[in-house]
Amino acid sequence: MSWAVLGAGHWGTALAVHLCRQGQDVRLWGRNPQHLPGGSDLSRLSPVFPDLPWPAGLQVEPDLAAAVAGVEGIVLAVPSHALRNLLNSLSSFGLSREAVLVLAAKGLELPGALRLDQVVQAECPDMPLVVLSGPSFAHDLVLGKPLAMTAASHNMAHAQRVAEVFVSDQMRVYRSDDVAGVCLGGAIKNVLAIAAGISDGLVNGDSARAALITRGIAELHRLGTALGGRTETFMGLTGAGDLILTASSDLSRNRRVGIGLGRGQTLEKVLADIGQEAEGVRSARALFRLAQNLGVEMPITEQVYRVLYAGADVRQVSEQLMRRAARAEHPVAVTPAGDASREEGV
């Protein structure tokens, strides 16, 4: 197959490299031609992965129309706030309705707090859509380390088609029809990862981080199911799995945002030091509004919102979480193994 990967950041470039290793012909496009790999040196993938050799089958294409012309699959790996404008451009190119769109971005669109699959379906309603998500870092993918992801679609034949392209000895791919749940898990976990980072920045310890992650899963489940996702999805790769990774690893930009805030740095300073998108900062505003509108209790998310947008002191919000009234834990129930809606492996 021929593929266009739209978004030449770390994740988009890593997915392009993976597809090339799968024997696919790939065109990589980015919004800023100056940040695209190549130029005078076609031996390395600078500037994103300067130590990585240029993979066979990769073509860098700065022109969007040329990048998507005649391809059979398009990977969408741009930040959430750039997705709709990109889709508007794509819809004017007369793409084949057979070309599958693979949504590899995470977050929510502001101001309406729309899931990103809803944005895609609104702008390109006639094209097959598959959401590719799960606990995965670009760094691990390009280094050939093992990982697992989920391909979700309302049409399981489309999910199977994408899974067969991406699955490898390195990447195990599961299938799901819970598109809402997969997208929500990828958005909510980023905000909770900021909370875990704040805790670590305050040097609260490993036990506190474990508690935050566990109670974060409960928040993810409460809001996610209220918005149409399923319990088993939030207990799987794209829910608990993605949250555990993002809240625990220093490769996580959202966790690093929280660490900086916990150490007393301003949000502006933290984001400038990271120099890349941290979707949890945007998503916190959307999730707070959704929780308020739906009457869903999300104390961790609320405190992250207060730190980011209301000037709350990080140590005070940490203490407020600890002083909340005692209650029964109510652990999330796991769907029985025989349930037909569980993730299916490839």
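This is a predicted model: local features need pLDDT of at least 70, side-chain atom pairs count only at pLDDT 80 or more; totals for chains, interfaces and linings use all residues.
The buried set is made up of Pro299, Ile300, Thr301, Gln303, Val304, Tyr305, Val307 and Leu308. As for what surrounds them, these residues pack against α7 (179–201), α8 (206–226), α11 (253–262), α12 (267–274), α13 (279–294) and α15 (314–322). Just after α14 the backbone does something worth a look: Gly311 takes a positive phi of about 70°.

Now to the cores. The largest nonpolar core has 43 residues, and the members that touch the most others are Ile188, Ile194, Val257 and Leu261. At least two residues of this core come from each of α7, α8, α10 (237–248), α11, α12, α13, α14 and α15. The largest share belongs to α7, which puts in 10 residues. Setting aside residues up to four places away in sequence, Ile188 touches Leu220, Leu223, Gly224, Leu287 and Met298. There is also a second, separate core of 36 residues, with Val26, Ala138, Val142 and Phe166 among them.

Next comes a helix pair. Two packed helices are described by the angle between their axes and the distance between the axes. For α3 (residues 80–91) and α4 (residues 116–123), the angle is about 20° and the axes are 9 Å apart. With the cut-off for roughly parallel set at under 35 degrees, that makes α3 roughly parallel to α4. The crossing of α3 past α4 is right-handed. On the α3 side, the contact is made by Ser80, Leu83, Arg84, Leu87, Asn88 and Ser91, which meet Leu116, Val119, Val120, Ala122 and Glu123 of α4. Sorted by class, this contact holds six nonpolar, three polar and two charged residues.

Val120 turns up again in the surroundings of Leu101. Leu101 sits in strand β7, residues 100–103. Its relative accessible area is 0%, so Leu101 is buried. Leaving out residues up to four places away in sequence, Leu101 touches Ile74, Leu76, Val120, Cys124, Met127, Pro128, Leu129 and Val130. Arg172, by contrast, is 71 residues from Leu101 in sequence and 20 Å from it in space, C-alpha to C-alpha.

That leaves the backbone. Most residues other than glycine have a negative phi, and most peptide bonds are trans. Two cis bonds can be picked out here. One joins Ser46 and Pro47, with omega about 5°, and Pro47 is placed in the loop between β3 (44–45) and β4 (49–53). Another joins Leu110 and Pro111, again with omega about 5°, and Pro111 lies in the loop between β8 (108–109) and β9 (114–115).

The loop between β8 and β9 also holds Ala113, which has a positive phi of about 55° although it is not a glycine. Ala113 counts as buried because its relative accessibility is 14%, with the cut-off at under 20%. Val203 is not a glycine either, yet has a positive phi of about 60°. Val203 lies in the loop between α7 and α8. At 70% relative accessibility, Val203 counts as exposed, the threshold for that being over 50%.

Notes:
Residues are numbered from 1 along each chain as its sequence is written. Side-chain values use heavy atoms; hydrogens and water are left out. Buried means under 20% relative accessible area, exposed over 50%, partly exposed in between (1.4 Å probe, protein chains only). Helices (H or I, at least four residues) and strands (E, at least two) are DSSP runs, numbered from the N terminus. Contact means heavy atoms within 4.5 Å. A nonpolar core is a set of buried Ala, Val, Leu, Ile, Met, Phe, Trp, Tyr and Cys residues joined through side-chain atoms within 4.5 Å. Axes are lines fitted to C-alpha atoms, for helices over the stretch in contact, and angles run from 0 to 180 degrees between N-to-C directions. Angles under 35 degrees count as roughly parallel, over 145 as roughly antiparallel, 65 to 115 as roughly perpendicular and the rest as oblique. A crossing is left-handed if the near helix is turned anticlockwise from the far one by less than a right angle, and right-handed if clockwise. Ala, Val, Leu, Ile, Met, Phe, Trp, Tyr, Cys and Pro count as nonpolar, Asp, Glu, Lys and Arg as charged, and the others, Gly among them, as polar.
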